[in-house]
Amino acid sequence: MNTFDDDNEVGFFEEPRRRPPRDRGRRRPQRTGPPRSTGRPPGASPVLRLAGLVALGIAVVFGFALWVQSCSGQSKQSYSSYIDAMKPLADDSAKVGQEFATVLTSSGLTMDSFRSDLASWSQREKDDYLKAQRLQPPGPLQSAHAKALDAFELRANAIDGIANSLTLAQNEHVSASVAGTALASDAELLTASDIVWKQLYRLQATAVLAEQGVTGVIVPPSKIVSTPDIVDAHSLATAYQRLGTPTTSGGHVSGIHGSNLVGTNAVESGTSTPLSTSSATTVTCCGNLVLDVVFEDSGNFPEVQVQITVTIKVAGDSVYTQTETVPQIASKERKTVEFPDVNLPPKAFGHSALISVDIKGVRGEARFDNNSASYPVFFQLAPS
């Protein structure tokens, strides 16, 4: 409320009251004598004033330039500091995926140990999420940073989902195929998190750094699914089946275990030639020679880390040897293992050669006569 009297107010658009006219009859006495000296030559005051303004302008411009440079340096440092803080979190999150793949294909996989690992991995992803949430990214990176948080959250949810589906499948005694489908559905979130990290966080953050002129700062990758095969329904069904494999406290397995070598083919430029153990096979090559070894799990249980070695000898001397490892294979499943880029020395041509294939025995295997084979061959150069 206005406490002033209305008669004393002057409105915004009202004309103020006029003062009474001064008495014009009174005049100042005129000074007699010469004018007082000011001590400055005529015209000096405007020049000094102009010089002062110019100096002030230069100081303002110089100070503004220093301020811009300082702000720019602080901005680049803030981007670098933020990325440095995100890198260990990205690395730790991706390492969870590496450990998941290793454990899933290890010979010592048990239900209790796998449950414990799942709980540990989930907690690590949640810890990474909380640590990332406490970071303060530069303004232009806040949108991308939110996507990194989404990726951490997806990974934690996926691992929790796998643990819950595993418990449900075990309690309801479902088949391996049904369990594998459910586990793969949960694992899809792991694959989705990789897409979110790469497309919505890393690429977007990299673009922001380029727009801001920040160089020498690399946005970290973070991939939790090393290979798609490890989280598909078939692979997870095999792992679920292995969780029920009987073991003893000494680590020995019971039941029938083993591998059976089905055959070996030489593949050159898309043409596959079956090899024979009884007669020499002419193999024309050798720009892109590939050897395909076909084997099967002949036991009643899935196996892991099955090693297959191929050796080529010419006149008793080894000219090629290579070992490939199959992470896991289900009971009665048949797989083809590829040995690409078989490079042969000149002495391998025009002479009799021998290709040997050997499948290393798995735990609990008692029969080994079907694990290996030797194939006589004759290599010849393909016409140019």
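Two cavities of 30 Å³ or more are present in the structure, which is a predicted model.

**View 1. The largest cavity and its lining.** The largest cavity has a volume of about 60 Å³, and its lining is formed by Val-96, Gly-97, Phe-100, Ile-159, Leu-190, Ile-224, Val-225, Ile-230 and Val-231. Helix H1 supplies the largest share of this lining, namely three residues. Sorted by class, the lining of the largest cavity consists of eight nonpolar residues and one polar residue, with no charged residues.

**View 2. The second largest cavity and its lining.** The second largest cavity holds about 50 Å³ of space, and the residues that line it are Leu-104, Phe-114, Ile-162, Leu-166, Leu-183, Leu-236, Ala-239, Tyr-240 and Leu-243. Two or more residues of this lining come from each of H3 and helix H5, the latter spanning residues 233-243. Of the contributing elements, H5 gives the most, with four residues. The lining of the second largest cavity divides into nine nonpolar residues, with no polar and no charged ones.

View 3. Five aromatic pairs are found in the structure. In one of them, the rings of Phe-100 and Trp-121 have centres 5.7 Å apart and planes at 65°, so this pair is edge-to-face. The pair joins distant parts of the chain, since Phe-100 lies in helix H1 (residues 44-104) and Trp-121 in helix H2 (residues 111-134), 21 residues apart. Both Phe-100 and Trp-121 are buried. The rings of Phe-114 and Trp-121, with centres 6.4 Å apart and planes at 75°, also form an edge-to-face pair. Through such ring pairs, Phe-100, Phe-114 and Trp-121 are linked into a cluster. Trp-121 counts as buried because its relative accessibility is 3%, and Phe-114 is likewise buried, with a relative accessible area of 5%.

View 4. His-173 is located in the loop between helix H3 (142-172) and helix H4 (176-211). Although His-173 is not a glycine, it has a positive phi of about 55°. With a relative accessibility of 70%, His-173 counts as exposed.

**View 5. The loop that holds Lys-332.** Lys-332 is located in the loop between strand S6 (317-329) and strand S7 (334-339). The phi of Lys-332 is near 70°, which is a positive value in a residue other than glycine.

Methods. Residues are numbered from 1 along each chain as its sequence is written. This is a predicted model: local features need pLDDT of at least 70, side-chain atom pairs count only at pLDDT 80 or more; totals for chains, interfaces and linings use all residues. Side-chain values use heavy atoms; hydrogens and water are left out. Rings of Phe, Tyr and Trp (its six-membered ring) pair if their centres lie within 6.5 Å; planes under 30 degrees apart count as stacked, over 60 as edge-to-face and the rest as tilted. Buried means under 20% relative accessible area, exposed over 50%, partly exposed in between (1.4 Å probe, protein chains only). On a 1 Å grid over the protein atoms alone, a cavity is a set of points where a 1.4 Å probe fits but cannot get out, and a pocket is an open set with protein on both sides within 12 Å along at least five of seven lines; lining residues have an atom within 4 Å of a point. Grid points are joined across faces, edges and corners, and a volume is the space filled by probe spheres set on the points. Ala, Val, Leu, Ile, Met, Phe, Trp, Tyr, Cys and Pro count as nonpolar, Asp, Glu, Lys and Arg as charged, and the others, Gly among them, as polar.
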